[in-house]
Amino acid sequence: MLRRINVIVWGVLLFIGWNLLLLFFLLGRPPAGGNPDHEQLTRDVVKVAEEVESELENQKKLLQQIQQHRGLWRRGKTPAAVAGGSRAPAGDLQASDVVLPVLVIGCDRPTIRRCLDKLLHYRPSKEHFPILVSQDCGHEETARVIASYGDQVMHIRQPDLSDLRVPPEHRKFQGYYKIARHYRWALNQVFHTFKYQAAVIVEDDLEVAPDFFEYFRALFPLLLEDPSLWCASAWNDNGKEQMVDTQQPEALYRTDFFPGLGWMLLKATWEELEPKWPGAFWDDWMRNPAQRRDRSCIRPEVSRTMTFGRKGVSNGQFFDQHLKFIKLNDRFVPFTQLDLSYLKKERYDLAFPQQVYSVPAVRVEELQRNEQAGLRQVRVQYSTRDTFKAFSKSLGVMDDLKSGVPRAGYRGIVTFMYRGRRVYLAPPKDWTGYDPSWS
């Protein structure tokens with residue numbers, strides 16, 4: 001008993017010390033472009049973070065030994081994803097006759113032409129993939145561009161162009177409120193007026209990959225069959241060219257993070273969401289646990305969409321920092337001929353933990369120095385919000401969390417490429433769930 005108390009006390013002291021160190025770092029960091037010692041200070045913090053992670057792991061093992069001795073230890077479950085490549089089994093649900101409308105959300109960008117040109121260029125069938133362009137804003141130049149496509153697309157217009165009443169502190173976010181209103185109206189048109197059973201949603205600043213339609217046609221049956229899935233997305237949030245394996249464009253993953261940016265949902269899911277649809281910031285609302293309800297999305301290794309729209313309600317900041325660097329897949333993958341059943345939860349949750357937790361664990365510094373280069377797959381472990389953010393920044397991974405969920409993560413695991421190696425940024429094997437306070 002005394003030993004257990006000592007372990008807990010030591011863990012608490014480490015936790016306090018680590019947070020004091022982070023506080024010192026944040027208060028003392030110099031302004032950007034100022035002190036040349038900034039990079040060295042960052043490296044020092046990462047080094048200390050790794051030492052704390054190592055010591056926390058040692059102390060946790062002691063606690064586990066105590067719990068095992070008392071018969072109280074239970075092994076937790078963790079999941080992940082591997083790509084499949086075999087042919088689909090005979091008799092499985094076929095996607096050849098599926099009608100999947102593509103809903104293009106537009107407003108005041110005449111550059112919607114680039115989006116529509118690519119969609120029409122790659123569309124295999126007008127009957128199987130009708131394109132509905134829903135326009136808000138009443139922008140006439142954009143309306144003329146859409147009209148120029150004739151009967152190749154269906155042009156519908158959101159009728160209510162008035163400003164919305166918003167809280168005084170949200171006046172600068174009027175655009176986000178209008179976007180949420182437009183989405184609600186447009187999705188109601190797709191599912192209630194035109195009575196489609198599913199839809200693929202893209203915005204007017206997205207360019208699609210050659211196998212965009214093939215990708216969603218193959219994933220539609222999976223959404224029907226697996227109730228633990230609620231969307232399929234064409235987007236990888238960590239999809240910069242140096243962070244993906246372009247030699248594996250067929251690789252798909254489950255993710256607990258709603259990616260958006262080219263995504264498919266079923267009518268049944270919309271009927272669940274529509275009555276409580278938010279007034280603004282709909283994408284972050286989708287990432288709330290009350291909406292997600294422990295469901296996941298499918299996302300690709302290499303993105304099937306890319307954005308060219310610097311102009312928007314976010315004023316281009318996120319575009320310049322990140323979005324413009326996302327790699328768009330340029331190889332056609334015949335997804336409808338592949339067996340994608342490995343993505344079903346019962347199989348996925350067995351296969352990926354074995355893969356992730358069987359590879360060697362390394363430190364961030366070892367990765368950065370390219371040590372043990374012969375290891376083509378490695379794992380970097382984090383156990384606190386602060387170490388996740390420190391390691392993510394050091395490795396170029398997006399470090400923000402929504403309700404505790406990392407971008408592109410599944411059960412806390414983020415997979416990406418780093419200098420030609422597959423890296424799993426992963427919590428301990430006994431991970432028990434997301435902590436919303438990590439946001």
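Asp205, in this predicted model, is in contact with Arg109, Met306, Thr307, Phe308 and Gly309 once its neighbours within four places in sequence are left aside. The residue lies in the loop between β4 (198-203) and β5 (206-208), and with a relative accessible area of 8% Asp205 counts as buried, because that term applies to values under 20%. One of its contacts is polar, for the side chains of Asp205 and Thr307 are joined at 3.2 Å.

Although Gln135 and Gly106 are 29 residues apart along the chain, their C-alpha atoms are separated by 4.6 Å. The side chain of Gln135 makes a polar contact of 2.9 Å with the side chain of His155, and the side chain of Gln135 also reaches the backbone oxygen of Cys107 at 3.2 Å. Beyond its neighbours within four places in sequence, the residues in contact with Gln135 include Thr142, Ala143, Ile146 and His182.

Helix α11 can be followed from end to end: its twelve residues (345-356) should span 16 Å at 1.5 Å a residue, and this agrees with the 16 Å between its end C-alpha atoms. The buried residues of α11 are Tyr348, Phe352, Pro353, Gln355 and Val356; because they cover an arc of only 155° around the axis, they are on the same side of α11. What covers these buried residues includes the strands β7 (252-255), β11 (377-381) and β15 (421-426), whereas the face of α11 turned away from the buried side carries the exposed residues Glu346, Leu350 and Gln354. In general, an α-helix has 3.6 residues a turn, so residues three or four places apart point the same way.

Note on methods
Residues numbered from 1 in each chain as written. Predicted model: local features only at pLDDT ≥ 70, side-chain atom pairs only at ≥ 80, totals over all residues. Heavy atoms only, no water. Helix = DSSP H or I, 4+ residues; strand = E, 2+ residues; numbered from the N terminus. Buried < 20%, exposed > 50% of the residue type's maximum accessible area, 1.4 Å probe, protein only. Polar contact = N/O pair within 3.5 Å; in protein donor to acceptor, adjacent residues only side chain to side chain. Contact = heavy atoms within 4.5 Å. Expected span 1.5 Å × (residues − 1). Arc of directions from axis to C-beta.
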